[in-house]
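I opened this model to look up its sheet, some helices and the contacts between aromatic rings. The entries follow in the order I made them.

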Amino acid sequence: MSVPETITAIATPPGRGGVGIVRVSGPLVPQIMQTLLGKLLEPRQAHYTTFKEADGDVIDEGIALYFPNPHSFTGDDVLELQGHGGPVVMDTLLQRVLQLGARLAEPGEFSKQAFLNDKLDLSQAEAIADLIDCTSQQAAKLAVRSLQGAFSIHIHALVDALTQLRMYVEATLDFPEEDIEVTDKKRLEQGLKDIQQQLDRVFTQAKQGQVMREGMTVVIAGKPNAGKSSLLNYLVGRETAIVTHIPGTTRDVLRENIHIEGVPFHIVDTAGLRESPDTVEKEGIKRAIAAMHQADYLLLIVDGHEQQMDLAIPDEVLQHIPENLAKTVVVNKIDLTDKKPREEKDSLFISAKTGQGMDILQQHLLKLSGYNTQIEGAFMARRRHLEALEIAKNHVKHAKNQFSEHQALELFAEDLRLAQQALCEITGEFSSDDLLGVIFSKFCIGK
């Protein structure tokens, strides 16, 4: 096996700050420590010291911490140098560490090294990046739960259950001349049932985490002057879009991020949909259509005052909406009518100007996102985790069919193996180098 390299990076954000940190990890840490600080530090004790250039000049003074392997974040020797957070000071200190034999760390390489040294599994490593990127307190709580291993515990329990079932089935395959006893059949069926129920629970919890992490993209579309920009402004809480009585004011796509009860939503306001000879407006409509094709959901705004008698969606609007895009019709401007704010089948009645019914709309968006405050034990999860859980669920379902309908134990055992493999991809027990490269490349440098 190749000797691990010594890596280093500035672990604090770019710019000026009271404190900046340079992190070093690898086998050269003791040598770098001795040369840079003039002494070897006691493990896990804060030392106030000076950081020196090759000629003895002082670069900075601050706190140094030494964590010998394997009791460190990465599992290798780690040195953290906490100095004054000026960019020149930090860069000078970093360059000095590089001169002493370290190389610049790639994005996420410290976390990757921790994963490779079995200090944490892949889902926990991903939770580190998720915790850093969190945009709400609720999301941060879920990320911490994943980092502490809540997600991994569920996955390991499922893998253990599948392993036990596989062992039992494969032991039975060693004696093909023996018929399967009735009690054995019941044991296998009950084991599968328990695994299916556990998979469903974990999937529901993971779905909550995925919603909190990625949010939901919602496009606001409709005819000109239906109140799309007013709705955007109300949701955002400020005058982010120009609102006038002149149709076609919005010519481009406006994007804003909001939180409803901690759940992130990416709200997209678009140009009014209509036939227009205007070149600029036509381009705006083209961009609106492109935005709808990338959306998770559509809020189709109807002017309830203009169309009091007939709330049917005009053909000039419908022709631009993707067929498979789920939508809710939002009847706006009810303050100019005798309509009351309410939710009715796939329609909402609101006034973006006065705020009537906006609480109903917000709860509607939460329901669409799949977020449920009643679900206990949720944790942060990513789309790839949900895909792996879905694959595992499908294999377990197929295994059940193979057993109950055909008693094909060989195929039954193979489906269990494939389900187990899908789950192990979540924690990184089975992971390709390409997958690891993609995951860790999205981390910030120094983590």
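I took helices (H or I, at least four residues) and strands (E, at least two) as DSSP runs, numbered from the N terminus. The model is predicted, so I kept local features only at pLDDT of at least 70 and side-chain atom pairs only at pLDDT 80 or more, while totals for chains, interfaces and linings use all residues. Residues are numbered from 1 along each chain as its sequence is written, and side-chain values use heavy atoms, with hydrogens and water left out.

Entry: S441. I found S441 in helix α14. For burial I used relative accessible area: buried is under 20%, exposed is over 50%, and partly exposed is in between (1.4 Å probe, protein chains only). At 45%, S441 is partly exposed. I then checked S441 against P107: they are 334 residues apart along the chain, and their C-alpha atoms are separated by 5.3 Å.

Entry: aromatic pairs. I counted rings of Phe, Tyr and Trp (its six-membered ring) as a pair if their centres lie within 6.5 Å; planes under 30 degrees apart are stacked, over 60 edge-to-face, and the rest tilted. By this rule I get 3 aromatic pairs. The pair F115 and F440 is tilted, because its ring centres are 6.3 Å apart and its planes stand at 40 degrees. F115 belongs to helix α3 (residues 109-116) and F440 to helix α14 (residues 433-441), so this pair ties together parts that are 325 residues apart in sequence. F115 counts as buried at 9% relative accessibility, and F440 is buried at 2%. The pair F151 and F379 is stacked, with 4.5 Å from centre to centre and 15 degrees between the planes. F151 is in helix α6 (residues 150-173) and F379 in the loop between α11 (358-369) and α12 (383-406), so here the parts tied together are 228 residues apart in sequence. Both F151 and F379 are buried. I also noted that F115, F440 and F443 form one aromatic cluster.

Entry: charges over rings. My rule was NZ of Lys or CZ of Arg within 6 Å of the ring centre and within 35 degrees of the ring normal. K393 lies over the face of F203, 4.4 Å from the ring centre. The charged end of K447 sits over the ring of F73, at 4.7 Å from its centre.

Entry: the sheet. I let two strands pair if DSSP finds at least two bridges between them. In what order do the 7 strands of the open sheet run? I read β8-β9-β7-β10-β11-β13-β12, with mixed pairing. The edge strands are β8 (254-260) and β12 (342-344), each pairing on one side only. For angles I used axes as lines fitted to C-alpha atoms, for helices over the stretch in contact, with values from 0 to 180 degrees between N-to-C directions. With direction ignored, neighbouring strands of this sheet are turned by 25 degrees against each other on average.

Entry: α11 and H364. I took contact as heavy atoms within 4.5 Å. Helix α11 packs on the sheet and touches β7 (216-222), β8, β9 (263-269), β10, β11, β12 and β13 (347-349); its direction makes about 110 degrees with that of β9. H364 is in α11 and is buried, with a relative accessible area of 7%. Leaving aside neighbours within four places in sequence, I list Y297, T328, E343 and L348 as contacts of H364.

Entry: β10. Strand β10 (residues 297-303) pairs with β11 (residues 327-332) in the parallel sense over 6 bridges. D303 stands opposite N332 in β11, and the bridge partner of I301 there is V330. β7 and β10 also pair in the parallel sense, over 5 bridges, with V218 opposite Y297. Is β10 buried or exposed? I find 7 of its 7 residues buried, so β10 is largely enclosed by the rest of the structure. Y297, L299, I301 and D303 lie on one side and L298, L300 and V302 on the other, and both faces are covered.

Entry: α13. The expected span is 1.5 Å times one less than the number of residues. For the 19 residues of α13 (residues 409-427) I should get 27 Å, and the end C-alpha atoms are 28 Å apart, which agrees. Buried residues of α13 include L409, F412, L416 and L423. Just after α13, G428 takes a positive phi of about 95 degrees.
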